[in-house]
Amino acid sequence: MRITAKDVAERAGVAASTVSRALNSPGRINEQTRKRILDAARELGYSVAPRMIERKGLVGLLVPDITNPFYFDIIRSTQEQLRIAGFMQLLIDTGESGRTEAEILAQLSQVVDGVILSATRLDAAALATAADALPLAVINRQQEEIPGVLIDIRTGLTQAVDHLKALGHRTIAFIAGPPGSWQNRWRWKEFEEQVLAQELRPALVGPYAPTRTGGAAAADALLVTEATACVAFNDLLAIGILQRLRQRGIRVPEDMSVVGCDDIFGADFSAPPLTTIAGDTEQAGRLAASRLIATLNGEAPRNGTTLIPTHLLVRESTGPVRTHPSLR
């Protein structure tokens with residue numbers, strides 16, 4: 001009977017794709033696991049001579065919403081970094097769907113050399129499965145066994161809470177984004193902790209689609225809370241809130257202060273210009289691409305997450321607290 005990589009995988013207690021990596025890209029797995037696989041292969045009489053892998057020259061970049069300006073700098077910077085290394089970038093919009101993302105990754109496994117996932121909507125188990133089948137790097141997601149880059153909102157968020165407290169706000173709402181977003185859950189957790197640490201009152205509004213339309217719906221819900229200020233999951237939500245509040249005759253910042261996240265293109269010429277938490281998205285893209293390229297070139301993977309700092313950009317959408325809009 002012919003011995004296959006699947007037989008070796010079963011003997012070693014690993015996935016078949018891990019056997020392939022042990023034989024073809026030993027730098028991608030730890031030495032202990034590789035030794036176990038090689039021992040199992042020898043016991044079964046399976047040839048352990050490395051196979052030649054044909055490089056396809058393609059790397060996938062998956063984003064949840066290609067129309068969101070947040071991804072513009074990421075798309076450009078990853079593409080340039082990959083081009084210099086001899087790869088072409090394949091850009092795919094996953095439509096904010098973890099299921100679609102998983103299906104696309106399965107289709108890409110035989111097409112690309114690796115994938116960069118920006119703001120992946122996969123849960124931890126699905127992300128681990130994907131990493132077992134393909135070399136990955138992630139942006140705005142933290143999973144220790146996968147190389148990643150995270151725009152760390154904590155410093156910018158601390159500055160935002162301090163700023164709003166100094167303006168007299170005592171109840172501050174977080175406008176939540178998509179429930180399938182790890183980043184959304186993390187931002188709410190950090191927001192709640194920081195607001196409570198300042199002896200202020202947090203309020204949770206949402207979740208909502210991270211779009212201007214989602215922001216319009218969020219604005220209506222915001223007005224039935226006691227909040228006089230809010231921090232939105234992203235700038236598109238915040239801009240949608242600004243537009244809806246203006247339609248309803250609620251003045252910003254006189255009646256409600258609004259803070260966004262990401263400093264996207266257009267945040268500085270919204271009406272009014274948006275106070276927001278900013279990080280270097282171009283750097284995030286470059287670093288993620290560089291870490292994936294290193295893996296594809298056979299270097300030992302440097303797992304864990306690189307943090308990109310953030311800061312608060314104060315513009316005209318925040319101001320001193322007056323009265324809650326419902327009391328006007």
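This is a predicted model: local features need pLDDT of at least 70, side-chain atom pairs count only at pLDDT 80 or more; totals for chains, interfaces and linings use all residues.
Biologist: In what order do the strands of the open sheet follow one another, and which strands form its edges?

Modeller: The six strands are ordered β2-β1-β3-β4-β5-β11, with parallel pairing, and the edges are β2 (88–93) and β11 (305–308), each of which pairs on one side only. The protein chain as a whole comes to 11 helices and 12 strands, these being DSSP runs numbered from the N terminus (H or I, at least four residues, for helices; E, at least two, for strands).

Biologist: Which residues have the most contacts inside the largest nonpolar core?

Modeller: They are I116, I175, I241, L245 and V258, in a core of 70 residues; such a core joins buried Ala, Val, Leu, Ile, Met, Phe, Trp, Tyr and Cys through side-chain atoms within 4.5 Å. Helix α10 (residues 235–247) supplies the largest share of this core, seven residues. Leaving out residues up to four places away in sequence, L245 touches A219, L223, I250, V252, M256 and V258, a contact being heavy atoms within 4.5 Å. Apart from this core lies another, of 16 residues, among them V112, V115, L136 and I146.

Biologist: Why does S257 count as buried?

Modeller: S257, which lies in strand β9 (residues 257–261), counts as buried because its relative accessibility is 0%, the limit being under 20% relative accessible area (1.4 Å probe, protein chains only). Across the protein chain, buried residues make up 52% of the 328 residues.

Biologist: Which groups does the side chain of S257 reach?

Modeller: A polar contact of 3.3 Å joins it to the side chain of H169, and at 2.9 Å the side chain of S257 reaches the backbone nitrogen of G319; the cut-off for a polar contact is 3.5 Å between N or O atoms. Beyond four places in sequence, the contacts of S257 include L164, T228, C230 and S317.

Methods. Residues are numbered from 1 along each chain as its sequence is written. Side-chain values use heavy atoms; hydrogens and water are left out. Buried means under 20% relative accessible area, exposed over 50%, partly exposed in between (1.4 Å probe, protein chains only). Two strands pair if DSSP finds at least two bridges between them. A polar contact is a pair of N or O atoms within 3.5 Å; within protein, one must be able to donate a hydrogen and the other to accept it, and residues adjacent in sequence count only if both atoms are side-chain atoms.
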